[in-house]
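Here is a short report on one protein chain. Keep the structure in view as you read.

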Amino acid sequence: MCVELPNHERPFPPAVGVMSLTFFQRVHTFCHSPAAIRRVAVRFSQPVAGIRWCSMSELSKCFYQVTAGRSCQDLCHPEYATCWQSFVGLTKTLLPGCYKLYLTLLVIPPLLKGGDYTKEYWKNHILGYASVSFKTYILAISGLTLQCLLYKLFGRLHYYCLMGVPGVLSAAIVPKLPRVHLRLQGITYFNMMLEVMIKKSEWRWLRTLRRSRLWATVAFMLFSARIMHLLRTATVNQFWIMYPATAKTERPADGCRHDGSCRAYVFDGVWKYALAGFTIETARALVSKGALMFGAPGRLWDELRHAIGPALPLFLGTYVGSYRSISCWLAHRTGRERPGHARLAGLLSGISYLIYPKYQIFTLAFTKFLEMSWEHYHNTAKRKPHWMVLLQRVPFLRLVHMLSIGYMYHALVFHSHHSPPFNSKCVNYCSDFRVERIKQRLVAWMLEHSWT
Ligand SMILES: [Zn+2]
Ligand SMILES: [Zn+2]
């Protein structure tokens, strides 16, 4: 699901560009011969007249060369004679994939909740799942149908109108999602967009961050320090992995803000968070491997064992455990808990990132750092400047949702070697692998074009 932040800049064959390793594997289905693949790889590793695969603008030129004279039917739906038939086909086939995509959203929250299951809770939870899946189904149909409409509008296939623009427009016209789901989708896609941008960037400091686990950890520590400090000042109300202690009873005499003994407080955090990490890993593995139960039940156990990794539970347990231990130690050392302690404890506990150095965690911390800093400024500024009042009217969440969905759709086809696996899972589940087939056709055409 996630990709490691450091060591990601593996040298990519310079002339291959858009063609990731998976692309070469797919090309195999066209060539049916490893020798042919090798010939193609050798050919692509040499400069081919008119075809360079490195930058977006060059790829754009290449896109027009290979799609010249082709229609939306050739690229998007050769199995349907007309765009209308394609639309009808989509409405008939996409629904199950959208419900399948959100299975983890159906399974994980009740497991993490751990109690208080009322009838009302189940009703709202299941209706929420059904609603977000159905709206995603509409988003998928409209995105794929817009490819045809935009082709008809311009009379040719357009680089940005193949995936990016349909993505933005379909997110704009989808029925209004409840804020919680809009946030979930918007932030997930925004974080994936950041991931692709980091992987693509040529900026020297981002390249360093990408290669160095140490620098990525330092950045995470700084984000963590700021986030924990803002949560402690209680000027923001946002989700983060953990929260500073708040006493339910009168402040105890030993200086800490939590109830009960320090030892119980620390162990409670480690145990609960490690268990939550294990639950997430297990639920994720069950959802992705569960089908084996019917196909190959003998392999299920082995597959599950490999799919459930210890890194996430270990990271969560260590992050929370170290934060709580350091906070308690500082409170005892200085006689009472102070707001600045949250900053120092947040900074030091951020070292746990070394255990689970994933883009997903890194981009989440960065997004939360920005969001919380903005909310803090907004809530504490005594006189709000005019620009701030104007900015408040901008529906940021909706815009972020639209733009990042468009960006990630585009990245899936044109920068697939940078696109996180979760993105292809989302799009392929919801498009019944149509986008995957589009990508394969483009690659086949590019190979064909290079031979002529
Ligand atoms: Zn069409
Ligand atoms: Zn304590």
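## Leu412 and the cores

Leaving aside neighbours within four places in sequence, Leu412 is in contact with Met163, Ser419, Asn423, Ser424, Val427 and Val435. Two residues are in contact if their C-beta atoms, placed from the backbone, lie within 7 Å. This is a predicted model: local features need pLDDT of at least 70, side-chain atom pairs count only at pLDDT 80 or more, and totals for chains, interfaces and linings use all residues. Residues are numbered from 1 along each chain as its sequence is written, while chains are lettered from A and ligands numbered from 1 in the order in which they are written.

Leu412 also belongs to the largest nonpolar core, which has 50 residues. A nonpolar core is a set of buried Ala, Val, Leu, Ile, Met, Phe, Trp, Tyr and Cys residues joined through C-beta atoms within 7 Å. Buried means that 20 or more other C-beta atoms lie within 10 Å of a residue's own; exposed means 12 or fewer, and partly exposed is in between. Which members touch the most others? They are Ala140, Met408, Leu412, Val413 and Cys430. Helix H21 (residues 396–414) gives this core its largest share, nine residues. A second, separate core has 36 residues, including Leu209, Ala216, Ala276 and Val320.

## The whole chain

The protein chain has 23 helices and zero strands. Both are DSSP runs, numbered from the N terminus: helices are H or I with at least four residues, strands are E with at least two. Of the 452 residues, 33% count as buried. Take the contacts between residues at least 6 apart in sequence: 77% of them join residues at least 24 apart.

## Two packed helices

Helix H5 (residues 83–93) packs with helix H8 (residues 119–154) at an angle of about 170°, and their axes are 10 Å apart. H5 is therefore roughly antiparallel to H8, a term for angles over 145 degrees. The axes are lines fitted to C-alpha atoms over the stretch in contact, and angles run from 0 to 180 degrees between N-to-C directions.

H5 brings Cys83, Ser86, Phe87, Leu90 and Thr91 to the contact, and H8 brings Ile141, Leu144, Thr145 and Cys148. By class, this contact has six nonpolar, three polar and no charged residues. Ala, Val, Leu, Ile, Met, Phe, Trp, Tyr, Cys and Pro count as nonpolar, Asp, Glu, Lys and Arg as charged, and the others, Gly among them, as polar.

Helix H17 (residues 311–334) has 24 residues and should span 34 Å at 1.5 Å a residue; its end C-alpha atoms are 34 Å apart, which agrees. The expected span is 1.5 Å times one less than the number of residues. Just after H17, Gly335 takes a positive phi of about 95°.

Ser327 lies in H17. Ser327 counts as buried because it has 27 C-beta neighbours inside 10 Å. Beyond its neighbours within four places in sequence, Ser327 is in contact with His341, Ala342 and Ala345.

## A loop with two positive phi values

Asp432 lies in the loop between helix H22 (421–431) and helix H23 (434–451). Phe433 is found in the loop between H22 and H23 too. Asp432 has a positive phi of about 50° although it is not a glycine. For Phe433, also not a glycine, the positive phi is about 65°.

Are these residues buried or partly exposed? Asp432 is buried, because 20 other C-beta atoms lie within 10 Å. Phe433 has 15 other C-beta atoms within 10 Å, so it is partly exposed.

How values were computed
Parallel < 35°, antiparallel > 145°, perpendicular 65-115°, else oblique.
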